[in-house]
Amino acid sequence: WNKYNETHIAKSAAIDDIGGISAIWQLAFDGFKVINARYDVDVNYSFSKLSIDTDIAGGSKAKYQIISGYPKRYAEQLLSEQAKKIRHKILSAGANQIIFVIDENSKDDDRWHTGHSLQVENYQKPLEFMLKNKDYGLIFKPKNSRNLKNRLDKPTNQLLNDAIKTGKCILLDDLGIRDFTTSAPPMLAAMASDFCIHGHFGTAAFEAAFIGKPTILIDREGTPDHIFYDLFKEENIFPDWEMALQATEDYFSFEESRIKVGNWSRSIAEFDPFDDNLAAKRIGDHLTDVHEGFDKGLNKHESLERAAELYAKKWGSDKIIHGSH
């Protein structure tokens, strides 16, 4: 999955030298062409044609571009019971509505990532909102929980501790197998919530939108060329936390807002044309077909073409694009 450094290019070349097949799957959504996310592989598994077009515009190459859908959607059925427990805990503490706030991480040097000041706001603003509005509960899922305390300033850490003590705020901070990202998927928090806010333009918001949760985004970095602006109206994108939280209140207060705010229904097919929980299975089945081609004595090109024909027959010829190489 890691197309964000240079090593995968060398790996793909080495695989090609011995007649093997290199494949990569899309981990994150890039809303504009990103030159440091280029790939050069035999097979790329992509969420949708929208992502393929963005990749190609950025210089990526693949002999076979395969539209699989978003591969983590299967998690929904596995997270149901855990989500119910989280939701029950917050509601039992006195909340009536639960907001999920998505943290996109930060680094010390804000030239190469969002700086800590933006992440401080991601906690400070919703925490102050929750502590003033007793009806609301909060779920935070930091992308990196290991250094969260150091990334937040002292007053915001105190706000977070005070909110957790009320029982209406939960921090999903268990570390995952990579030892820097939290193990809880965004979908878990989304399932336990009523409304979701992503403080940036990030992929985690997809997991909330895909299960029908109203989800809004805040563009504090200022990225007017992002594809979200072409697909969404003003009800989904806000310039700052103040306007986003006002939209949140409106959502819970007015019927008209509940229809408009955070509604991704018109654009969801642009991000995943299948709109089902089978993307991971499609990727696995295609890889199996590739292996079976080798088992039948086919070379890499024959095996890839056979697998492509089987995929097109099952899922549609428009789900495979040949030769962006």
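**View 1. The four-stranded open sheet of the predicted model.** An open sheet of four strands runs in the order β1-β2-β3-β10, with mixed pairing. Two strands count as paired if DSSP finds at least two bridges between them. Strands (E, at least two residues) and helices (H or I, at least four) are DSSP runs, numbered from the N terminus. β1 (23–25) and β10 (320–322) stand at the edges, each with a single partner strand, so one side of each has no neighbour in the sheet. From one strand to the next, the twist averages 20°. β2 (residues 40–46) pairs with β3 (residues 61–67) in the parallel sense over six bridges. Val41 has Ala62 as its bridge partner in β3.

This is a predicted model: local features need pLDDT of at least 70, side-chain atom pairs count only at pLDDT 80 or more, and totals for chains, interfaces and linings use all residues. Residues are numbered from 1 along each chain as its sequence is written, and side-chain values use heavy atoms, with hydrogens and water left out.

**View 2. Helix α13 and its buried face.** Helix α13 (residues 279–295) lies across β1, β2 and β3, at about 145° to β2. Such angles run from 0 to 180 degrees between N-to-C directions; axes are lines fitted to C-alpha atoms, for helices over the stretch in contact. The buried residues of α13 are Ala279, Arg282, Ile283, His286, Asp289, Val290 and Gly293. Seen down the axis of α13, these buried residues fall within an arc of 125°, so they line one face of the helix. The arc is that of the directions from the helix axis to the C-beta atoms. Buried means under 20% relative accessible area, exposed over 50%, and partly exposed in between (1.4 Å probe, protein chains only). The buried residues pack against β1, β2, β3 and α14 (300–315). On the other side of α13, His291 and Asp295 are exposed. Just after the helix, Gly297 takes a positive phi of about 90°.

**View 3. The six-stranded open sheet.** Six strands form an open sheet in the order β6-β5-β4-β7-β8-β9, with parallel pairing. Its edges are β6 (169–171) and β9 (237–238), each with a single partner strand, so one side of each is left without a neighbour in the sheet. β4 and β5 pair in the parallel sense over six bridges. Gln97 stands opposite Tyr136 in β5. Helix α3 (residues 76–92) packs on the sheet and touches β4, β5 and β6; its direction makes about 140° with that of β5. α6 lies across β5 and β6, at about 115° to β6.

**View 4. The largest nonpolar core, around Leu127.** A nonpolar core is a set of buried Ala, Val, Leu, Ile, Met, Phe, Trp, Tyr and Cys residues joined through side-chain atoms within 4.5 Å. The largest has 27 residues; Leu127, Leu138, Phe140, Cys169 and Ile197 touch the most other members. Elements giving two or more residues to this core include α4 (116–132), β5 (136–141) and α6 (154–165). Beyond residues up to four places away in sequence, Leu127 touches Leu138, Phe140, Thr156, Leu159, Leu160, Ala163 and Cys169. Contact means heavy atoms within 4.5 Å. Apart from this core lies another, of 22 residues, among them Ile98, Ile102, Leu172 and Met191.

**View 5. Thr223 in its loop.** Thr223 lies in the loop between β8 and α9 (228–231). Thr223 is buried, with a relative accessible area of 18%. Leaving aside neighbours within four places in sequence, Thr223 is in contact with Phe32, Phe201 and Tyr229.
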